[in-house]
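The structure comes before the notes.

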Amino acid sequence: MIPQFDLKKEYASLEKEIRCELIKVFSKTNFIGGENVKLIENNIANYIGTKYTLSCNSGTDALHFALKSLDISKGDEVITTPFTFISTLEAIMYVGAKPVFADIDLNTYNININNILKKVSKNTKAILPVHMFGNPVDINALKQKLNNNSIKIIEDCAQSFGAEIDSQRVGSVGDIGCFSFYPTKNLGCYGDGGMITTDSEDYYNHIKKLKNHGSSKKYHHDIIGYNSRLDEIQAAILNIKLKYIDQNNTLRTKNAEIYNNQLTNLKDIYLPQKTKHGYHVYHQYTISSILRDKIKANLEKHEIGSAIYYPVSLEKQKAYKDIYNDHEEFKNSNYLAKTCLSLPMFPHLTEKDIIKICDVIKKTL
Ligand SMILES: Cc1ncc(COP(=O)(O)O)c(C=O)c1O
């Protein structure tokens, strides 16, 4: 059995360290707002390279607060990709803005910059690119082509902790970066968690209040806020796992290379392409094939896991059918929804297993 993702192997390798830190947390009983939370915020600010970080309850909250801090609301437009997890879209809906989709690039699976430019209007307040599957969007190229400082860029870094563009870490290239620590992410905790990164003191101060019931002084509430905290247990786990992120991302890229070598030049199999000048951290290794369903079924027969991220382009989601009424067809996003397949990918995956997976795929063609 080869799972699509295996958290057990990672836990086994960290068990001693994690137990030791958790015992300290339990004995201090400082479960909310303790020293591990401060430490992970500082550690991630240093790692990503931004002045400020704000931990919160999830990547979804991070995106929601980022949009709110930019004062985006009804009448404003936010350009994003239709090929992403629903949270990216939900955050835009939460603030009452209009989502405007720009189709993706079939090679990188990322939002296409030229398509973004075609969608910019006088109402565009922000662009929300997603570094899909760990592959960075070239935010510097986007900024240059946009040539408009009043349109803000929020990076959805949920799948891309440690990825780089022009040797700069994602989350520090746009105006605000939003991370998820969902357990299966490249840097994941053992529950829910998120982080916001920014160089702006204004956004920092606003989000600090938003995530704490609208308050900067206890029991005094300046704005209507939310309860969104990263707890001490999750922060302790993240501080341990952060030490290994580069090593683990390197293992992921090595695994991707093995897949690339094994699956190259096969008819009907398209391999993921890295963004130029970027460091792809392979949250997922996702191929595209018109034989996707056959390949998936055959992998299952051989007890090999795989996943379809994502089977429905967002403009076609039931909940948004009446809301999103631009009636536009996003050809590439819909094509990938029918053909994409994420193969097993995690740092502890072995070369032997990858070769076995690729052999099953080759025999299916
Ligand atoms: C692209 C993307 N954005 C946002 C999120 C939301 O993160 P969370 O699950 O922590 O709310 C995810 C998580 O799956 C994601 O993949």
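N147 counts as exposed because it has 8 C-beta neighbours inside 10 Å; a residue is exposed if 12 or fewer other C-beta atoms, placed from the backbone, lie within 10 Å of its own, buried if 20 or more do, and partly exposed in between. The model is a predicted one, in which local features need pLDDT of at least 70, side-chain atom pairs count only at pLDDT 80 or more, and totals for chains, interfaces and linings use all residues. Residue numbers start from 1 along each chain as its sequence is written.

- Most residues other than glycine have a negative phi, and most peptide bonds are trans.
- N147 has a positive phi, near 50°, and sits in the loop between α6 (139-146) and β5 (152-156); helices (H or I, at least four residues) and strands (E, at least two) are DSSP runs numbered from the N terminus.
- N265 also has a positive phi, near 60°, and belongs to the loop between α9 (245-263) and β12 (278-279).
- With 6 C-beta neighbours inside 10 Å, N265 counts as exposed.
- A cis peptide bond, with omega near 10°, links Y309 to Y310, and Y310 lies in the loop between α10 (292-301) and α11 (331-339).

**Domains**

- Domain 1 spans 7-102 + 109-242 and domain 2 spans 245-364, with bounds from an automatic or database domain assignment.
- Their C-alpha centres lie 24 Å apart.
- Contact (C-beta atoms, placed from the backbone, within 7 Å) involves 31 residues of domain 1 and 25 residues of domain 2.
- On the side of domain 1 that touches domain 2, α1, α4 (86-94), β3 (98-101), β6 (164-165) and α8 give two or more residues.
- That side has 16 nonpolar, 8 polar and 7 charged residues; Ala, Val, Leu, Ile, Met, Phe, Trp, Tyr, Cys and Pro count as nonpolar, Asp, Glu, Lys and Arg as charged, and the others, Gly among them, as polar.

**Helix pair α1 and α8**

- L14, E17, I18, E21, L22 and V25 of α1 meet E232, I233, A236, I237 and I240 of α8.
- The residues of this contact are 8 nonpolar, no polar and 3 charged.

**Ligand shell**

- The ligand has 15 residues around it, of which S58, G59, T60, A158 and S180 come nearest; a residue is near if its C-beta atom, placed from the backbone, lies within 6 Å.
- At least two residues of the shell come from each of α3 (59-69) and α4.
- By class, the shell has 4 nonpolar, 9 polar and 2 charged residues.

Technical notes
Two residues are in contact if their C-beta atoms, placed from the backbone, lie within 7 Å.
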